[in-house]
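Please read through the structure shown here.

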Amino acid sequence: MPKQKKYTVTGEGICHNCGGKTQKREHVALTDRQVRAPFYYSKWFYCYNPNCKTTTIMHDEDRVLNNNSASRQFKDYQEDQLTLDFIRNIK
Ligand SMILES: [Zn+2]
């Protein structure tokens, strides 16, 4: 079976690290790993520059939470963190 590409290129962007051109990529289909994880990124940017330390750039707003137990634990964790931050801020 030929190896299928797992992503599709949907646009371009600029790398915030080196200022070079990046490729905007999205998943063609979700893999098992993404489905089992608490979340995955619906799109991300890939930097071409071989000298750049940043190869993939992900944004929080592109994060998709999965509807599974790992995701629920992650959400609880995030809410706990928000509560902690809130308590710290009002002191
Ligand atoms: Zn870069």
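How many bridges join β1 to strand β2? There are 7 bridges between β1 and β2 (residues 21–27), and the two run antiparallel. One of the residue pairs involved is I14 with its bridge partner K21 in β2. Two strands count as paired if DSSP finds at least two bridges between them. Strands of a sheet pair through backbone hydrogen bonds, in either a parallel or an antiparallel way.

This is a predicted model: local features need pLDDT of at least 70, side-chain atom pairs count only at pLDDT 80 or more, and totals for chains, interfaces and linings use all residues. Residues are numbered from 1 along each chain as its sequence is written.

The pair belongs to an open sheet of 4 strands, ordered β1-β2-β4-β5, with antiparallel pairing. β1 (7–14) and β5 (56–57) stand at the edges with a single partner strand each, so one side of each has no neighbour in the sheet.

The chain as a whole has 2 helices and 6 strands; helices (H or I, at least four residues) and strands (E, at least two) are DSSP runs, numbered from the N terminus. Along the sequence they follow the pattern β-β-α-β-β-β-β-α. The chain is more spread out than a compact globule, because its radius of gyration is 17 Å, well over the 12 Å that the globule rule gives for 91 residues. That radius is taken over C-alpha atoms, and the rule is 2.2 Å times the number of residues to the power 0.38. The C-alpha atoms fill a box of roughly 50 × 35 × 20 Å along the principal axes.
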